[in-house]
Amino acid sequence: MTSQSARVGATMAVTAMTSVQLGLAVAVDLIDRIGAEGAAWLRLAWAGVLFLVFVRPRPSAFTRATFGICVLLGVVTALTTMLFMAALARIPMGTASALEFLGPLAVAVYSGRGRARWAWPAPAAVGVVVLTQPWRGAVDEVGVWFALGAAASWAAYILLTQRVGDRVSGIQGLAVSMPVAALVSTAAVGASVLPRITPDMLLIGLGLALLLPVVPFILELLALRRLNTSSFGTLMSLEPALALLIGFVVLHQVPEPAAIVGIGFVIAAGAGAARSGSRDRDAPAALT
């Protein structure tokens with residue numbers, strides 16, 4: 001593994017995060033029109049269609065075991081998306097992203113090296129307390145629980161995505177997992193969402209699906225072929241800061257000083273949890 005490969009992986013990861021946060025900012029307006037479950041369904045449904053049409057999964061690319069992992073990844077993807085969109089409907093984007101980031105942080109701590117990594121959950125916990133300020137009751141508790149559920153799902157997503165990237169060529173794995181995610185979300189909320197869909201919402205959903213999840217999921221899969229999960233989790237520490245910035249610029253969500261301090265603690269914990277740079281070897285990185 002070369003440092004250049006690690007830099008490419010890091011660039012992919014940061015680009016994916018930026019695309020995610022821009023997509024979430026767009027989704028906030030859509031949530032107001034169709035609800036959190038509708039915004040999540042539009043993203044996943046369009047992503048499933050796009051991957052089926054343009055990638056077309058080949059049966060020869062899978063064994064029974066790898067196909068099963070891809071299906072499981074699809075279920076986790078749907079769960080992560082729906083939980084986070086539900087959180088976003090109730091709490092500010094920066095707070096939701098910081099809480100969700102506890103998932104990658106847990107992965108970084110678990111897969112990192114050295115005993116020192118076990119010290120980092122403590123500042124993360126301080127950050128969460130400062131962010132949510134439970135003594136004030138100012139943050140929607142249901143929104144917090146949705147974000148924490150999304151965090152657990154995101155941790156599973158990172159681990160499963162790396163396994164899929166290592167064992168399935170190109171982005172064939174996503175050509176299975178994304179349609180599965182679309183089917184899961186349709187089964188969960190389709191009956192309540194479909195009657196509310198309008199043609200302009202479909203077009204917005206198409207653009208949203210490209211920003212999130214099509215482009216970032218491809219980039220994350222390719223990045224995880226070049227980075228270990230510890231390094232990837234460390235890079236993800238930038239995401240709460242990006243969410244805070246984009247939430248301020250695009251959505252005019254002005255954070256309180258305590259929120260900035262809390263997010264700072266979470267970011268510091270994520271950056272400190274793992275400092276290694278790249279995987280020992282690259283997994284195949286072809287796109288097809």
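Helix axes are lines fitted to C-alpha atoms over the stretch in contact, and angles run from 0 to 180 degrees between N-to-C directions. The model is predicted, with local features needing pLDDT of at least 70 and side-chain atom pairs pLDDT 80 or more, while totals for chains, interfaces and linings use all residues. Residues are numbered from 1 along each chain as its sequence is written, and side-chain values use heavy atoms, without hydrogens and water.

**View A. Packing of helices α6 and α8.** Helix α6 (residues 141–167) packs on helix α8 (residues 199–223) at about 70°, the axes being 9 Å apart. The two are therefore roughly perpendicular (65 to 115 degrees). Contact (heavy atoms within 4.5 Å) is made by Tyr157, Thr161, Val164 and Gly165 of α6 with Phe217, Glu220 and Leu221 of α8. By class, this contact has 4 nonpolar, 2 polar and 1 charged residues.

**View B. Packing of helices α4 and α6.** The axes of α4 (residues 102–111) and α6 lie 7 Å apart at an angle of about 45°. On the α4 side the contact is made by Leu102, Gly103, Pro104 and Val107; α6 supplies Leu148, Ala151, Trp154, Ala155, Ile158 and Leu159. This contact has 9 nonpolar, 1 polar and no charged residues.

**View C. Surroundings of Leu24 in the largest nonpolar core.** The core comprises 92 residues, and Leu24, Phe51, Met85 and Leu88 have the most contacts inside it. Its largest share, 23 residues, comes from helix α1 (residues 3–54). Such a core is a set of buried residues (under 20% relative accessible area, 1.4 Å probe, protein chains only) of Ala, Val, Leu, Ile, Met, Phe, Trp, Tyr and Cys, joined through side-chain atoms within 4.5 Å. Beyond neighbours within four places in sequence, Leu24 contacts Arg43, Phe84, Met85, Leu88, Met93 and Leu212.

Terms used. Helices (H or I, at least four residues) and strands (E, at least two) are DSSP runs, numbered from the N terminus. Angles under 35 degrees count as roughly parallel, over 145 as roughly antiparallel, 65 to 115 as roughly perpendicular and the rest as oblique. Ala, Val, Leu, Ile, Met, Phe, Trp, Tyr, Cys and Pro count as nonpolar, Asp, Glu, Lys and Arg as charged, and the others, Gly among them, as polar. Buried means under 20% relative accessible area, exposed over 50%, partly exposed in between (1.4 Å probe, protein chains only).
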